[in-house]
Amino acid sequence: MNLKNTLGLLVLAFCSLTSFAQRKSYWDQKVDYTMDIDVNEKTFQYDGKMKVKYSNNSGQELNKVYFHLYFNAFQPGSMMDERLKNIPDPDARMVSNIGTKEKPIRQSRISALSSDQIGFQKIKSVKYNGSEVTFKEDGTVLEVILPTPIKDASTVEFDLTWQAQVPEQIRRSGRNSKEGVAFSMTQWYPKMAQFDEFGWHLDEYIGREFIAPFGNFDVTIHINKDYVIGSSGKLQNPSEVKGYVKNAKIKSKNNKASWHYKAENIHDFAWAADPKFVVDSAKTKNGTSIYTIFLPTDKEVTDNWKTALGLATEFFDFTSENFGAYPWKTYSIVQGGDGGMEYGTATLITGGRNLKGLVGVIFHEAAHSWYQQLFGINETVDEWMDEGFTSYIEELAYTELFEKPNVRALNPIGSAYNSYYRLAKSGKEEPMSLLADYYNTNFAYSIEAYSKGGVLAEQMGYIIGKQNLQKTFLNFYDIWKFKHPTPNDFKRVAEETSGLNLKWYFNLFINTTRTIDYAISNVTDQNIEILNKSNFAMPIDLLVEYEDGSKELFYIPLREMRGEKPVENFEIYNGVKRTVLTDWFWTKPNYSVPVSKKVKKAWIDPTQRLADINYDDNSYGL
């Protein structure tokens, strides 16, 4: 074949790959930030100047723009404060007990903040293409009214100046964390709100997570020269500041050093600072520099961070191979905050943990570099896709790199399934499509987002086949990196990869609280009767062992799939005859599997990837 024909086929292949999943009308806004931040470490306040280049690609004119002012949530009477007072199971980190052991009384920690402890972002001025414009602060949202609209396919400039106070550490952002970190600077700058095909995303900051447009960051932070910073992006002047280069000649002015960072194509920028921070680093096989910035409080903590750094490099290699290459040059694991939270090319985590806990939280937050930092998933709407797929990656990597078992589990996220079963039987489950802030309980939110979201992915592998699931994740990476995909975009990639229809699965598992419950109801020498006891139909793998020792795997497709999954490469199925039966209707509750020998044992889905809430009646003879 000549070169011209080869190139033609490659172009055709690429077009066929991208055309099915890339929405024809898809577009994205873009925002570039240049910031100059002057920090007063004694008052925990800072002054900020920011130039924003905003590109409108929406196909329409915009008469307003919006920014998020997240620090304003940390004030008595805010919506976050009221939520803590009224939700039945508030986040324990955000409340204190002002009663007795016998009669505990929970109080929102925000309610108790004094004027010098609250958080705020006070906007001093906003300019639009050089001219002062009118603006209005409303809680955690800044509305900017434009004298002339932003035309489609144009780029405009905003200049903002503001004064901010860093709140006491309560949730993600803050000063003086429980572990002693001075500054945990997350959601700390006026952040441009996301505008997309669904309109403006103007969620008040209640305590959940975020969405924002992709862009570039050029950030300069002026802070006391004794401080060390861990941050998003790549440090441009490591020899002029403390911690990164031996015998650095620290440049200072008015006793302050200037830290200069740049980052490309991210949608959030975070940093933390403390004079006691130490810095360590290592490289992945692909050349990504992984940094750890932490408090060396004792030898055990220091040793744990050293070990975790090595495992973190292995994690990035593992995830790049299985879910798509990590595209940035750096990643910083910074001690700070109140638990763990992902940001562009960085995470803030609590660091005084045992090794298992430290590695687990690093793996989880680093996995967010894919879901949600590489794919700008709307965490306020599709929290399960963000946290669930991240938890799925975390579990796979943790098992492979940390536990290193001799025998691989058939279902690698069995613990997530067990959590989901607990929720499904609790009476507190709500549809997984619910907006993240609106769950009635944190209990339901946590399991829906982290566990049930992971179950959706692993169970999809049961439906379309393990190999097709792996291909789906990689195809999704090729098509949707640096964009803002929706769950439907993921579904479409999975459908095109597998050739199977998945509308029914995504609808029922995400938008309803229906559960799956199958049973082997009767076994004779001629038939095995299977009963669907629920209102959620699924394809069925039935493994049968006969009295003569032979085995047979019966595969029953679901009619709605409009096809069959391929043979899967599980060891339990090696050498086993596979018989594909007539598809099962979701409208029919029972199905009869014909057998020609006496049955010794039978079980539905021995891999236990089918999220059946009652496995006790899924087998016979076991």
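Strands pair if DSSP finds at least two bridges between them. Strands here are DSSP runs of E with at least two residues, and helices are runs of H or I with at least four, both numbered from the N terminus.

Strand β32 (residues 599-604) runs antiparallel to β33, and two bridges join them. Ala-602 has Tyr-620 in β33 as its bridge partner.

## Basis of the model

This is a predicted model: local features need pLDDT of at least 70, side-chain atom pairs count only at pLDDT 80 or more, and totals for chains, interfaces and linings use all residues. Residues are numbered from 1 along each chain as its sequence is written, and side-chain values use heavy atoms, leaving out hydrogens and water.

## The annotated binding site

An unreviewed UniProt entry annotates His-364, His-368 and Glu-387 as "binding site". These residues are spread over 24 residues of sequence, yet they cluster in space, with a largest C-alpha distance of 8.9 Å. UniProt positions follow the numbering used here, feature names are shortened, and annotations may be inferred rather than shown by experiment.

His-364 lies in helix α4 (residues 355-367). His-364 counts as buried at 8% relative accessibility. Buried means under 20% relative accessible area, exposed over 50%, and partly exposed in between (1.4 Å probe, protein chains only). Beyond its neighbours within four places in sequence, His-364 contacts Glu-387, Thr-390, Ser-391, Glu-394 and Tyr-450. Contact means heavy atoms within 4.5 Å.

His-368 sits in the loop between α4 and α5 (369-374). His-368 is also buried, at 0% relative accessible area. Its side chain makes a polar contact of 3.1 Å with that of Glu-387. A polar contact is a pair of N or O atoms within 3.5 Å; within protein, one must be able to donate a hydrogen and the other to accept it, and residues adjacent in sequence count only if both atoms are side-chain atoms.

## Helix α6

Helix α6 covers residues 383-403.

Of the 21 residues in α6, 17 are buried. After α6 comes Lys-404, with a positive phi near 45°.

Technical notes
Expected span 1.5 Å × (residues − 1).
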